[in-house]
Amino acid sequence: MTVIVRDLRPDAPAEIEGFIRVRHAALPYVFFSPESLRHAISLSHPRAHARKLVAEEDGEIIGTAQVGLAHESPVPGQGFLNVYVDPARTGRGAGALLVRTAEEHLAAHGATNLFAWVVDEPGNRAFAERHGYRPSRSAHFLRLDLAHTALPPLQDPPPGIELRTAADFADDPRPLFALDAAVAADEPGDIDVEFTDYEAWVAETWRYPHLDLELTSVAVADGHPVAFSVAHTNGAGRYGTGMTGTVRDHRGRGLAKLVKNHSLHRARAAGYTEAYTGNDSDNGPMLAINQWFGYEIRATEVRYVRAVG
Ligand SMILES: CC(C)(COP(=O)(O)OP(=O)(O)OC[C@H]1O[C@@H](n2cnc3c(N)ncnc32)[C@H](O)[C@@H]1OP(=O)(O)O)[C@@H](O)C(=O)NCCC(=O)NCCS
């Protein structure tokens, strides 16, 4: 049967479901819902030239690709293509067709470097290498069994630090934007991010449909947020960390552990049974913190890069 590649039709619920089914089958550690997918589609900055592609066979979605330019990077021409094929439907040419369609689109919009996350399995790595990509850094997906793991006991904040939640900033989230921008700049990664656009942050991060303001913990010093752990929940047992960060001047004081522990304790009390997170494999401090909580590495993705043009 013939495999075709085309753009996802976001108005068709069956298309959204098909996209999510493939993504969860290929990598269950990254959470998608119809709301989160529609939210991502609605953002599409014009400079990102973003597309959501699907590979279809006999009317069924068997592969997906998220494609675009990293418009928040200070370096121009950084393109990304993240291709996932249903593990039960590999070997039919869907992956190669998705890659070709994505590369043509990115080249047409001036990409000079292409970045692709690849699930760390020999077949996937060989596929990327055959297409001219070279491995670079990697990132882990971690899971904590919240229902059956004893969390570290709740600690009191150190002197001068108060604990709040993101809900306390609902009227004016700008201080949390400033904190997020400061810590994201220090997160290890291969595409530097720099976010300066408050309205874009509100649309993307603050209005993310699974952001849980009550379960997001914030440490405040002298009225300013200095550390936070951002909770994403689906209302059905699944809790994920969007970001944990501490501003430079307050690092090494246990604040990341403090905020994340408070968030996890409250998530468990609210009935969440599984916690997920993802860390760059060079992020020693964050991996140490997550190990302390009892998170276990469940999967790894390798970032593959190809220079073009
Ligand atoms: C990672 C980060 C959140 C840590 O914040 P913090 O408030 O300094 O963290 P804490 O003080 O609570 O705990 C740090 C722990 O890491 C340990 N640690 C520090 N550097 C380490 C390293 N290179 N390797 C291993 N462990 C390390 C510390 O010893 C400490 O553990 P301890 O309490 O047993 O001594 C902070 O550095 C940050 O904001 N980084 C940029 C954003 C980021 O990468 N966030 C994570 C995204 S996934």
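Colleague: How many aromatic pairs does the structure hold, and what makes two rings a pair?

Modeller: The structure holds 8 aromatic pairs. Rings of Phe, Tyr and Trp (its six-membered ring) pair if their centres lie within 6.5 Å; planes under 30 degrees apart count as stacked, over 60 as edge-to-face and the rest as tilted. This is a predicted model, in which local features need pLDDT of at least 70 and side-chain atom pairs count only at pLDDT 80 or more, while totals for chains, interfaces and linings use all residues. Residues are numbered from 1 along each chain as its sequence is written, and side-chain values use heavy atoms, with hydrogens and water left out.

Colleague: Why is the pair of F177 and Y198 called edge-to-face?

Modeller: The ring centres of F177 and Y198 are 5.4 Å apart and the planes stand at 65 degrees, so the pair is edge-to-face. The pair links distant parts of the chain, with F177 in helix α5 (residues 174–184) and Y198 in helix α6 (residues 198–206), 21 residues apart. Helices here are DSSP runs of H or I with at least four residues, strands are runs of E with at least two, and both are numbered from the N terminus.

Colleague: Are F177 and Y198 buried or exposed?

Modeller: F177 is buried, and Y198 is buried too. Buried means under 20% relative accessible area, exposed over 50%, and partly exposed in between (1.4 Å probe, protein chains only).

Colleague: What makes W201 and W206 a stacked pair?

Modeller: Their ring centres lie 5.9 Å apart and their planes are at 25 degrees, so W201 and W206 are stacked. Both W201 and W206 are buried. Together, F177, Y198, W201 and W206 form one aromatic cluster.

Colleague: Which residue lies over the face of Y198?

Modeller: R174 does, at 3.9 Å from the ring centre. A charge sits over a ring if NZ of Lys or CZ of Arg is within 6 Å of the ring centre and within 35 degrees of the ring normal. Likewise, R238 lies over the face of Y276, at 4.0 Å from the ring centre.

Colleague: How many salt bridges are there, and how do you know that R137 and D280 form one?

Modeller: The count comes to 18 salt bridges. The term stands for a side-chain nitrogen of Lys or Arg within 4 Å of a carboxyl oxygen of Asp or Glu. The closest N and O atoms of R137 and D280 are 2.8 Å apart, and the two form a salt bridge. This pair also links distant parts of the chain: R137 is in strand β6 (residues 134–145) and D280 in strand β11 (residues 274–280), 143 residues apart.

Colleague: Why is D280 called buried, and why is R137 called partly exposed?

Modeller: D280 has a relative accessible area of 8%, under the 20% limit, so it is buried. R137 has a relative accessibility of 21%, which lies between 20% and 50%, so R137 counts as partly exposed.

Colleague: What is the spacing in the salt bridge of R125 with D120?

Modeller: The closest N and O atoms of R125 and D120 are 3.0 Å apart. R125 is partly exposed at 25%, and D120 is partly exposed at 35%.

Colleague: What about E162 and R164?

Modeller: E162 forms a salt bridge with R164, with the closest N and O atoms 2.9 Å apart. E162 is partly exposed, its relative accessible area being 43%, and R164 is partly exposed at 29%. Elsewhere, salt bridges that share partners join R21, E57, E60, D86, R89 and R92 into one network.
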